[in-house]
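I opened my notebook with two topics to look up. One was a ligand site, the other was how two copies of a chain are related.

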Protein chains: 8
Amino acid sequence: LRTGDPEVVYAAGKTTEQVAAIVKHLTSANPNRPILVTRADEAARAAVRAACPDGHLLEDATGRCVALGPLPEIPRGRVAVVCAGTSDLPVAAEATFTARVFGAAVEQITDVGVAGIHRILAARPALDRADAVVVVAGMDGALPSVVGGLTGVPIVAVPTSVGYGAAFGGLAALLTMLNSCAPGIAVVNIDNGFGAGLYGARIARQSGSGTDSGTLGTVTELPR
Amino acid sequence: LRTGDPEVVYAAGKTTEQVAAIVKHLTSANPNRPILVTRADEAARAAVRAACPDGHLLEDATGRCVALGPLPEIPRGRVAVVCAGTSDLPVAAEATFTARVFGAAVEQITDVGVAGIHRILAARPALDRADAVVVVAGMDGALPSVVGGLTGVPIVAVPTSVGYGAAFGGLAALLTMLNSCAPGIAVVNIDNGFGAGLYGARIARQSGSGTDSGTLGTVTELPR
Amino acid sequence: LRTGDPEVVYAAGKTTEQVAAIVKHLTSANPNRPILVTRADEAARAAVRAACPDGHLLEDATGRCVALGPLPEIPRGRVAVVCAGTSDLPVAAEATFTARVFGAAVEQITDVGVAGIHRILAARPALDRADAVVVVAGMDGALPSVVGGLTGVPIVAVPTSVGYGAAFGGLAALLTMLNSCAPGIAVVNIDNGFGAGLYGARIARQSGSGTDSGTLGTVTELPR
Amino acid sequence: LRTGDPEVVYAAGKTTEQVAAIVKHLTSANPNRPILVTRADEAARAAVRAACPDGHLLEDATGRCVALGPLPEIPRGRVAVVCAGTSDLPVAAEATFTARVFGAAVEQITDVGVAGIHRILAARPALDRADAVVVVAGMDGALPSVVGGLTGVPIVAVPTSVGYGAAFGGLAALLTMLNSCAPGIAVVNIDNGFGAGLYGARIARQSGSGTDSGTLGTVTELPR
Amino acid sequence: LRTGDPEVVYAAGKTTEQVAAIVKHLTSANPNRPILVTRADEAARAAVRAACPDGHLLEDATGRCVALGPLPEIPRGRVAVVCAGTSDLPVAAEATFTARVFGAAVEQITDVGVAGIHRILAARPALDRADAVVVVAGMDGALPSVVGGLTGVPIVAVPTSVGYGAAFGGLAALLTMLNSCAPGIAVVNIDNGFGAGLYGARIARQSGSGTDSGTLGTVTELPR
Amino acid sequence: LRTGDPEVVYAAGKTTEQVAAIVKHLTSANPNRPILVTRADEAARAAVRAACPDGHLLEDATGRCVALGPLPEIPRGRVAVVCAGTSDLPVAAEATFTARVFGAAVEQITDVGVAGIHRILAARPALDRADAVVVVAGMDGALPSVVGGLTGVPIVAVPTSVGYGAAFGGLAALLTMLNSCAPGIAVVNIDNGFGAGLYGARIARQSGSGTDSGTLGTVTELPR
Amino acid sequence: LRTGDPEVVYAAGKTTEQVAAIVKHLTSANPNRPILVTRADEAARAAVRAACPDGHLLEDATGRCVALGPLPEIPRGRVAVVCAGTSDLPVAAEATFTARVFGAAVEQITDVGVAGIHRILAARPALDRADAVVVVAGMDGALPSVVGGLTGVPIVAVPTSVGYGAAFGGLAALLTMLNSCAPGIAVVNIDNGFGAGLYGARIARQSGSGTDSGTLGTVTELPR
Amino acid sequence: LRTGDPEVVYAAGKTTEQVAAIVKHLTSANPNRPILVTRADEAARAAVRAACPDGHLLEDATGRCVALGPLPEIPRGRVAVVCAGTSDLPVAAEATFTARVFGAAVEQITDVGVAGIHRILAARPALDRADAVVVVAGMDGALPSVVGGLTGVPIVAVPTSVGYGAAFGGLAALLTMLNSCAPGIAVVNIDNGFGAGLYGARIARQSGSGTDSGTLGTVTELPR
Ligand SMILES: Nc1ncnc2c1ncn2[C@@H]1O[C@H](COP(=O)(O)O)[C@@H](O)[C@H]1O
Ligand SMILES: Nc1ncnc2c1ncn2[C@@H]1O[C@H](COP(=O)(O)O)[C@@H](O)[C@H]1O
Ligand SMILES: Nc1ncnc2c1ncn2[C@@H]1O[C@H](COP(=O)(O)O)[C@@H](O)[C@H]1O
Ligand SMILES: Nc1ncnc2c1ncn2[C@@H]1O[C@H](COP(=O)(O)O)[C@@H](O)[C@H]1O
Ligand SMILES: [Mg+2]
Ligand SMILES: [Mg+2]
Ligand SMILES: [Mg+2]
Ligand SMILES: [Mg+2]
Ligand SMILES: [Mg+2]
Ligand SMILES: [Mg+2]
Ligand SMILES: [Mg+2]
Ligand SMILES: [Mg+2]
């Protein structure tokens with residue numbers, strides 16, 4: 001990762017103690033580098049909070065993420081994160097949180113689904129002012145194809161494991177997105193909100209727009 | 001099949017001679033029953049034409065179909081057949097042809113794609129006056145989900161083998177359709193325009209609407 | 001969904017509190033619209049019951065469903081729901097319940113299996129008087145093919161995840177149904193009793209038959 | 001193979017010359033042992049015929065088989081071979097031919113399909129007098145499940161690669177058969193008529209029935 | 001099933017109470033028909049024992065089976081059940097138990113593996129005196145191919161879900177067995193010891209050998 | 001597509017005549033819009049050349065592409081296209097051509113493979129001056145993971161169908177790329193050089209760098 | 001296994017009592033043969049410790065292995081075990097432990113990943129002095145391809161089930177390794193550290209180098 | 001590759017002209033390095049022969065390989081290549097040829113199959129004197145498991161695409177080999193005789209045995 005990018009810890013499959021130890025180690029080894037912890041359950045996030053009693057802390061329960069250290073204060077570019085609703089929210093929130101921590105302003109649009117086309121059409125202004133659009137969708141994974149018909153901005157599609165039966169744990173949505181009829185869509189792994197958020201932020205930070213879209217420093221809990 | 005339904009011959013994997021022989025046999029065995037031949041290439045269709053020099057004949061090159069005998073003259077109900085474009089046309093035409101031969105009036109809408117949402121919206125009146133909607137789509141197979149958000153009429157979704165790579169011969173589109181976010185969608189086999197047309201006609205014939213939608217008897221070549 | 005169709009809540013993956021809150025919100029926002037809650041375990045159903053102390057309530061434990069509000073009182077058309085036995089009953093019951101709540105009279109036939117052909121033959125009168133037939137089957141998923149040889153009514157096939165080993169969680173039954181030798185079969189997702197019931201009811205409501213098949217309003221527990 | 005069993009040559013993937021050479025070598029090495037050549041196209045069969053100008057020869061064009069040498073003359077037991085129709089005939093004929101060459105009397109029943117249940121019911125006497133039943137089916141592969149409900153004799157199920165789309169080259173039929181609701185069914189590889197015929201003959205030869213079911217020696221072309 | 005065959009109850013997915021109720025119902029409805037309960041854990045077997053205080057009872061903990069009622073006393077034919085060792089024992093025991101309850105004498109050979117070829121060679125006499133051989137194998141599923149080279153008796157191969165990683169829950173073993181280089185092998189579903197035992201017994205009962213191989217009536221626990 | 005983006009024609013599965021007709025139609029309907037034809041074999045490209053006798057034409061035989069009309073003259077941003085060698089060149093060339101036609105300056109690096117790590121290290125300056133990096137790889141698909149460790153620029157990974165056996169037509173490479181250990185990678189469909197080139201150009205055109213990287217208008221054949 | 005090779009017990013799926021009983025039996029049956037127990041959790045390892053109160057014992061908690069009896073004292077050849085980090089450590093440790101117990105000196109290199117190419121380059125001397133290299137990798141499974149470009153020593157690649165989504169339980173890594181661009185790589189089953197360690201030791205013991213690389217007898221806990 | 005290893009050209013997917021050009025280029029660039037061309041059909045091999053009129057040339061039609069330049073003259077170690085017969089010969093011959101060209105003495109054993117266990121047992125002396133054993137098998141892929149029970153030498157297993165139906169192009173054999181019950185087996189890609197031969201030679205060259213096993217220089221056509 002480039003200088004200034006946060007150090008990232010993937011907490012899944014690690015004990016609470018291991019997560020806390022890694023965070024303490026990273027903090028003391030390099031106090032000037034921000035740290036992002038993903039896939040952290042309540043216990044892991046509490047341990048990170050305890051390990052960092054008075055530093056700046058950004059946390060999101062839905063996205064199961066926590067960040068600490070000198071996070072970016074002036075956003076570089078803007079990312080829109082789009083999903084259909086409740087079930088996809090954890091992955092969308094992970095993308096949102098990661099994009100913010102990697103320096104982008106983020107606009108989250110969470111009630112647009114393929115089967116309710118007018119709500120997507122209403123979201124068009126937000127799509128238009130973004131430098132990158134993250135679209136999160138499970139089940140049929142059709143949402144990126146529709147968004148792809150509405151904007152010329154690079155779209156990062158994230159299939160989720162939401163669904164049952166022939167959803168095959170996100171495989172159906174993944175294949176849909178890889179075969180999208182609309183151009184301008186690239187895909188990350190199933191449920192990989194982190195990867196999509198980082199990717200969106202990397203596109204946004206080298207784009208000109210969005211630099212007046214607010215600050216990130218004072219947020220402690222993202223709206224859901 | 002119920003009394004009056006055509007006898008159906010699936011010409012794929014049969015020689016031209018076999019197709020002609022079957023058609024001749026069926027014609028003489030039961031002159032009052034219509035015959036539908038599907039997956040018939042130009043040679044097979046010519047053989048059927050030759051086998052039936054002066055009877056009523058309905059043929060469609062795009063859909064690779066030919067029908068003969070006393071076809072239904074007064075449509076019972078109405079089927080809309082929807083697809084995105086060129087590549088899916090053969091399957092859509094097979095569905096259209098089959099639905100007509102099984103007695104439905106058919107309205108074909110062939111230039112609507114997920115990535116051009118306004119064209120689907122413009123097709124809404126046609127969707128509204130149908131008793132059943134057949135939606136044909138390859139690649140991402142996303143079109144039925146969008147149509148499903150626009151109508152409460154039963155939708156028959158047909159995945160096609162159009163696409164490459166991770167389309168896996170229509171598997172991607174099939175899974176998309178089985179996992180559609182929109183309710184009111186049932187799915188037939190990949191490329192099975194015949195099955196979808198028959199299914200749409202069966203729904204339509206027991207529905208009240210559409211009986212004034214013209215006659216079928218004079219058509220010899222479907223518009224493309 | 002068309003005007004008058006119930007609002008549907010999918011309770012799987014939601015907490016009891018979330019389900020209760022959504023139901024309360026929908027009830028007060030639109031008291032004249034019925035609500036259907038599917039995949040609701042005993043706790044979720046109890047919460048819905050508590051949230052609706054004196055309204056009309058329809059509930060089915062086998063199908064894990066509950067409905068409330070001004071449900072349809074005069075059935076529009078008739079759906080037959082067919083399955084082989086014990087293991088497929090939850091999915092069949094979900095289809096039955098959904099079809100009723102969407103306005104159809106439903107006739108459930110639950111002891112017919114492919115390996116006992118005479119029981120299916122005995123069910124023929126029920127198949128004949130239906131406007132749509134839902135067939136639920138796991139393991140080999142062969143039942144729809146046999147039913148398809150007995151009726152010209154549209155069949156909605158539901159594969160279930162019943163079975164083990166090479167059943168692959170319903171994949172075997174799904175493929176069987178998509179490849180049925182009998183025409184007139186369309187397929188919904190594995191275990192998707194809800195989708196099949198809704199689809200059957202949509203076909204039935206636009207068909208002429210079955211309007212004298214009893215009322216739905218007084219039922220509180222479906223017979224099993 | 002046990003003493004007396006024919007030597008078997010699988011001609012697929014071998015040149016006509018290779019097949020002829022192998023047959024000549026086997027004939028001169030062991031003139032008292034019969035030889036069965038499977039998957040032999042017209043050219044390969046002609047080469048075998050030429051290699052064996054005056055010996056006893058049994059050939060079947062549909063099953064792409066030829067046999068020569070001292071074939072069994074008194075059948076040991078009886079095998080029924082069942083399939084639905086035209087497309088599955090080559091595999092069924094391969095099973096029939098193999099079973100005969102391995103010593104069984106064979107009864108072929110070729111026009112029974114799942115979607116026409118009365119024709120299967122009419123075949124019951126033939127099923128009852130067999131020692132083993134081979135059932136050949138493509139597409140949904142549902143036929144063995146139905147036959148399994150009608151007989152207590154061991155059933156050998158052969159999935160075929162007939163079908164398209166989600167038939168996946170016979171995979172759908174294979175899975176159906178492995179998951180059959182009816183007990184008493186075991187399965188061989190897709191299109192493996194040879195394996196099923198041999199297996200049926202092995203069961204039949206150790207069973208008591210069927211020894212008066214005619215002779216095999218004078219047949220030169222199996223009826224189709 | 002033919003007259004005299006036991007009624008079979010598949011206990012997986014049923015509550016202890018349901019299993020006991022079904023067994024009581026079957027016993028009183030038809031006291032002269034034996035009952036086999038498979039996939040029955042200790043609690044279910046205890047409930048069956050309690051439901052049948054003084055009748056004849058046959059039980060096997062490894063195979064998770066229990067049978068009751070007038071079981072066959074004179075074996076008809078002989079089945080050999082072969083497996084490599086500890087992990088495959090439950091499936092092998094289910095096959096053994098089922099074959100006995102369906103009337104065959106059974107010889108179980110449980111320590112032969114592909115990687116220790118001499119132990120299989122030593123088992124040859126047992127293979128030779130059987131009318132059918134059931135071979136149970138997980139992981140590579142190679143054992144039936146080796147046994148198939150040693151005997152001309154029909155082999156029923158049972159893949160098991162033993163293994164990890166690329167064993168894919170028994171899929172690897174299943175494919176191996178379907179593609180066996182040795183002829184004379186047919187396959188049942190993954191872990192389906194019941195189906196293999198029943199199939200072996202059906203072959204054995206119509207074969208001449210093995211009728212002097214002891215009685216079955218006094219066994220209460222199969223040796224492991 | 002945004003105003004100014006070329007119209008795109010996918011020539012695969014279309015006849016030479018169809019391609020020529022579409023190109024002529026587009027040219028006369030909108031002479032000011034560029035046209036890109038992909039997957040065009042030599043005959044199709046010749047037909048396009050003939051249809052456009054004196055206009056500006058850009059063609060690449062390796063990438064099977066041809067473009068015509070008022071192509072962008074001043075590049076907006078810079079895309080690096082990276083691949084390992086001979087077999088992946090057609091897909092890489094398609095990406096290169098598309099990126100150019102959509103307005104980016106392109107730098108192609110074609111002899112870097114995972115197994116020769118020093119050549120990738122030598123390519124680092126080119127990676128550093130790009131706004132987006134397209135990485136094309138077949139077989140193991142490992143190249144994007146290595147490139148991802150060397151740059152913080154957004155990477156578009158394209159799996160190719162190069163390889164045999166367990167490459168499964170590009171599936172292996174696709175899965176590798178979706179699971180990359182390196183962050184900052186998004187993936188397009190197997191062999192989809194067009195999608196990757198377009199995506200890279202969309203990222204590049206909104207980035208500040210690269211605007212002095214030469215002109216595109218005079219190129220008629222891309223260097224290989 | 002050859003004389004002198006340890007007896008191996010696979011503890012997964014066995015009870016603690018079964019593991020202890022097997023170890024006791026093996027110890028008394030053949031006191032001069034070492035025993036290796038793999039996939040042994042803390043309880044199983046404690047039971048082995050108790051079963052062997054005063055013998056030589058080698059144990060590794062990370063690799064879930066324990067060995068006892070007269071282990072090799074003079075290493076024959078040298079194996080390098082390479083992995084990227086935390087998540088793959090259990091499988092790497094199993095390989096290390098097995099290779100030691102089968103007689104090889106082992107050098108473990110655990111912090112090299114594809115995305116940090118300089119750390120692999122730094123490990124080159126260790127690769128150069130090995131007779132066999134085991135490379136353990138999950139997710140993209142790309143590490144063996146990179147190592148394969150750095151050494152001409154035989155590489156044993158072990159895919160792990162680390163990852164989520166399209167990692168499909170190690171399938172992605174497995175396919176990557178089977179399709180490696182670098183020659184000199186052979187692959188074992190997913191998570192099969194045991195098989196890789198044994199394979200590496202077998203190569204090493206017949207190679208000339210590494211015989212002065214220390215002793216193994218005094219180690220009781222491997223460094224992590 | 002290490003100094004002295006041949007340069008390798010993979011001719012599949014290259015034109016005859018391209019192959020000849022590459023060989024000429026490599027010969028003149030580095031006359032002291034041997035060249036191996038694999039997957040070369042008769043035309044490609046003729047072109048190589050013409051490109052090298054008077055040099056040392058080694059060619060094998062079955063293995064579709066040709067080598068030229070200063071090939072190794074004194075074998076270092078010994079590789080045994082084992083397969084069952086005709087269909088697997090091309091892959092086995094590719095392995096044999098590659099192992100020779102990479103410096104090993106090779107002993108080819110080509111008529112051993114799983115179903116004829118005595119022939120494998122007879123091959124044991126050849127297995128015992130080898131430093132590495134390559135086992136090539138299609139269909140069930142069971143042969144390596146059996147060989148693995150007979151030798152402690154490292155085994156390289158090569159699945160082939162021989163077979164039909166559920167062989168799935170070699171997938172069945174691949175999975176069998178990855179799950180082998182016998183230890184000491186590692187696997188290369190389907191049909192990758194080249195990779196197996198190279199791997200075997202790399203093991204052999206660092207082992208002590210086999211250095212007196214003849215010369216390689218005078219061979220021009222390998223025995224089949
Ligand atoms: N939610 C996530 N999904 C996928 N990869 C992640 C995620 N969070 C972190 N990572 C990656 O995991 C690496 C850290 O892994 P670790 O060292 O195991 O904590 C980071 O460099 C990221 O590239
Ligand atoms: N295009 C088609 N796709 C799938 N099934 C078809 C098609 N056309 C006909 N069929 C079915 O094939 C049967 C006739 O098959 P056959 O007897 O082989 O000609 C008909 O009864 C139809 O159910
Ligand atoms: N272990 C088993 N595996 C597969 N099928 C079984 C098994 N045991 C019983 N069956 C089948 O399940 C049927 C009884 O199912 P049920 O009515 O649900 O108890 C029997 O007729 C058997 O064909
Ligand atoms: N038969 C083969 N199967 C797999 N890989 C091969 C084969 N022959 C050569 N290779 C590999 O392909 C590379 C050469 O590829 P290329 O530069 O395209 O000729 C060599 O370095 C080998 O690693
Ligand atoms: Mg969606
Ligand atoms: Mg579409
Ligand atoms: Mg069924
Ligand atoms: Mg069938
Ligand atoms: Mg085995
Ligand atoms: Mg690569
Ligand atoms: Mg890795
Ligand atoms: Mg083999």
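For this entry, I call a residue near a molecule if one of its heavy atoms lies within 4 Å of it. I also note that the model is predicted.

**Entry 1: the site of ligand 4**

Which chains surround ligand 4? I found residues from chains F, G and H around it, so the site is shared between chains. Chain F gives Tyr164(F) and chain G gives Pro183(G). From chain H I listed residues including Val8(H), Val9(H), Arg39(H), Glu94(H), Asn192(H) and Phe194(H).

By type, I sorted the shell into six nonpolar, two polar and three charged residues.

**Entry 2: polar contacts of ligand 4**

An oxygen atom of ligand 4 is 2.9 Å from a polar backbone atom of Tyr10(H). An oxygen atom of the ligand is 2.7 Å from an N or O atom in the side chain of Lys14(H). For Thr38(H), a side-chain N or O atom is 2.6 Å from a nitrogen atom of ligand 4.

How much of ligand 4 does the protein bury? Taken alone, the ligand exposes 500 Å², and the protein buries 73% of that.

**Entry 3: chains F and G**

I laid chain G on chain F. The turn is 180°, the shift along the axis is 0.0 Å, and the RMSD is 0.0 Å. The two copies are thus related as by a two-fold rotation axis. In chain G, the C-alpha nearest the axis belongs to Ala142(G), 2.6 Å from it. Both copies use the same surface: 100% of the contact residues of chain G recur in chain F.

Terms used: Residues numbered from 1 in each chain as written. Chains lettered and ligands numbered in written order. Predicted model: local features only at pLDDT ≥ 70, side-chain atom pairs only at ≥ 80, totals over all residues. Heavy atoms only, no water. Polar contact = N/O pair within 3.5 Å; in protein donor to acceptor, adjacent residues only side chain to side chain. Areas by Shrake-Rupley, 256 points an atom, 1.4 Å probe, with all protein chains shown as cover. Nonpolar A, V, L, I, M, F, W, Y, C, P; charged D, E, K, R; others polar. Least-squares fit on C-alpha atoms with pLDDT ≥ 70 in both. Contact = heavy atoms within 4.5 Å.
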